Amino acid sequence: MRLVTERLIIRRFEAADWPDVLGYTSDRETMAYMPDGLFGEADAKRFVIENGGSDARNYAVVLKGVQRLIGHIVFHPWFGDHTYEIGWVIAPGFRGRGYATEAAQALLHFGFAELGLHRVIATCQPENAASSRVMERLGMRREGCFLKCIPRGDGVWWDEYVYAVLAEEWK
């Protein structure tokens, strides 16, 4: 898959992407709400390899004008054939400019128009207000809050908001 928007290219990862991936996935603030935690070099390389093929679940978000990888977007089957999950991670220095929204809009359009999806969901922790705002800008509705459903790894459990949009709502 390769999608092009006004400012972005969304594509599979390439082997040379791992240093950029390491740059933002090793940042504590960027990964604060990610259950996988901080990445080291081996993690970044493995992530790029795992997401370079046809069974990718994460896609590179590249700033078109300068060909710079600025994050990634999650897009994969979630619960059944016609429901996908979407999510995003944007590097420091590129947040707050609408890149996550732009990338997600492109994937939602692709999912509903090309893949014939029925529903797309997204999740975030209640403390992650920036992701909640992106979901709401996309026209997704908050459907619920699951209490203490994600183990953080240090004895703390995260709550999780679940958002969704149906194909008929997207149109």
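This is a predicted model: local features need pLDDT of at least 70, side-chain atom pairs count only at pLDDT 80 or more; totals for chains, interfaces and linings use all residues.
How many aromatic pairs does the count come to?

Let's start with the strands. Eight of them form an open sheet with mixed pairing, and their order is β1-β2-β3-β4-β5-β6-β8-β7. The edges are taken by β1 (2–4) and β7 (141–151). Each of these two has a single partner strand, so one of its sides is left without a neighbour in the sheet. On average, neighbouring strands of this sheet are turned by 25° against each other, direction ignored.

Now find strand β3 (residues 58–63). Are its residues mostly covered or uncovered? Six of its six residues are buried, so the strand is mostly covered, buried meaning under 20% relative accessible area. In a regular strand, side chains alternate between the two faces of the sheet. In β3, Asn58, Ala60 and Val62 are on one side, while Tyr59, Val61 and Leu63 are on the other, and both faces are covered.

On one flank, β3 pairs with strand β2 (residues 8–11) in the antiparallel sense, over four bridges. Here Ile9 has Val62 as its bridge partner in β3. β3 also runs antiparallel to strand β4 (residues 68–77), and six bridges join the two. Leu63 stands opposite Arg68 in β4. Four residues lie between the strands of this hairpin, and Gln67 takes a positive phi near 55° there.

## Aromatic rings

Back to the opening question: the count comes to six aromatic pairs. One of them joins Phe75 and Tyr84, whose ring centres are 4.8 Å apart; their planes stand at 50°, so the pair is tilted. Phe75 counts as buried at 3% relative accessibility, and Tyr84 is buried as well, with a relative accessible area of 15%. The rings of Phe112 and Trp170 also make a tilted pair, because their planes stand at 35°, with 6.1 Å between the centres. Phe112 belongs to helix α3 (residues 99–114) and Trp170 to helix α5 (residues 167–170), so this pair ties together parts that are 58 residues apart in sequence. Phe112 is buried, at 10% relative accessible area, whereas Trp170 counts as partly exposed at 25%.

Elsewhere, Phe13, Phe39 and Phe47 form one aromatic cluster. Lys45 lies over the face of Trp18, at 4.6 Å from the ring centre.

## A buried residue in a loop

One more residue to look up is Gln125, found in the loop between β6 and α4 (129–137). Is Gln125 buried or exposed? Its relative accessibility is 4%, so Gln125 counts as buried. Leaving aside residues up to four places away in sequence, Gln125 touches Tyr33, Ile150, Trp158, Asp159 and Glu160.

Conventions
Residues are numbered from 1 along each chain as its sequence is written. Side-chain values use heavy atoms; hydrogens and water are left out. Buried means under 20% relative accessible area, exposed over 50%, partly exposed in between (1.4 Å probe, protein chains only). Two strands pair if DSSP finds at least two bridges between them. Axes are lines fitted to C-alpha atoms, for helices over the stretch in contact, and angles run from 0 to 180 degrees between N-to-C directions. Contact means heavy atoms within 4.5 Å. Rings of Phe, Tyr and Trp (its six-membered ring) pair if their centres lie within 6.5 Å; planes under 30 degrees apart count as stacked, over 60 as edge-to-face and the rest as tilted. A charge sits over a ring if NZ of Lys or CZ of Arg is within 6 Å of the ring centre and within 35 degrees of the ring normal.
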